[in-house]
Amino acid sequence: MADHKIFTMAFARVYPLYVQKAERKNRTKEEVDQVICWLTGYDPAGLQQQIDQQNDFATFFAEAPAIHPNRSLIKGVVCGVRVEEIEDPLMQQIRYLDKLIDELARGKSMDKILRQ
């Protein structure tokens, strides 16, 4: 597994950027949290604990209670790469999250974002 800089970056450092991106497009922090919890299986308290502990992305996803089985339905391009074609499992999880936040910021309905 290649060591990408993002793997060791604190999730808590990127989380506010996710919230800012969503809020600029009239979405809410609660919607960001809902999307993150859907993908990872964290409850709101568990998500906040990860943020408070300053865990890196590798730990954040390693400790995720239940990565959602419908994550494979997330398709599209993030940073010029198709998320469904990413081979590194951790990088794919990170890009799935990026894609979900992008969809939220673009105004997609929560039902579509959460693949319901």
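This is a predicted model: local features need pLDDT of at least 70, side-chain atom pairs count only at pLDDT 80 or more; totals for chains, interfaces and linings use all residues.
Visitor: How are two packed helices described?

Guide: Two packed helices are described by the angle between their axes and the distance between the axes. Take helix α2 (residues 29-40) and helix α5 (residues 89-105) here: their axes come within 10 Å and cross at roughly 145 degrees. The crossing is right-handed.

Visitor: Which residues make the contact of α2 and α5?

Guide: From α2 come Glu31, Val32, Val35, Ile36, Trp38 and Leu39. From α5 come Gln93, Tyr96, Leu97, Leu100, Ile101 and Leu104. By kind, 10 are nonpolar, 1 is polar and 1 is charged.

Visitor: How many residues of α5 are buried?

Guide: Buried means under 20% relative accessible area. In α5, 15 of the 17 residues are buried, so the helix is largely enclosed by the rest of the structure. From first C-alpha to last, α5 reaches 24 Å, close to the 24 Å expected.

Visitor: What is found at the two ends of α5?

Guide: At the start, a side-chain oxygen of Asp88 reaches to within 3.0 Å of the backbone nitrogen of Leu90. Just after the helix, Gly107 takes a positive phi of about 90 degrees.

Visitor: Now a single residue. Is Tyr42 buried or exposed?

Guide: Tyr42 counts as buried, because its relative accessibility is 6%. Look for Tyr42 in the loop between α2 and α3 (44-52).

Visitor: Which backbone atoms lie by a polar atom of the Tyr42 side chain?

Guide: The backbone oxygen of Phe60 lies 2.5 Å from such an atom. The backbone nitrogen of Ala64 lies 3.3 Å from one. Tyr42 is also in contact with other residues, including Cys37, Leu47 and Pro65.

Methods
Residues are numbered from 1 along each chain as its sequence is written. Side-chain values use heavy atoms; hydrogens and water are left out. Axes are lines fitted to C-alpha atoms, for helices over the stretch in contact, and angles run from 0 to 180 degrees between N-to-C directions. Helices (H or I, at least four residues) and strands (E, at least two) are DSSP runs, numbered from the N terminus. A crossing is left-handed if the near helix is turned anticlockwise from the far one by less than a right angle, and right-handed if clockwise. Contact means heavy atoms within 4.5 Å. Ala, Val, Leu, Ile, Met, Phe, Trp, Tyr, Cys and Pro count as nonpolar, Asp, Glu, Lys and Arg as charged, and the others, Gly among them, as polar. The expected span of a helix is 1.5 Å times one less than its number of residues. Buried means under 20% relative accessible area, exposed over 50%, partly exposed in between (1.4 Å probe, protein chains only). A polar contact is a pair of N or O atoms within 3.5 Å; within protein, one must be able to donate a hydrogen and the other to accept it, and residues adjacent in sequence count only if both atoms are side-chain atoms. Lists of a residue's contacts leave out its neighbours within four places in sequence.
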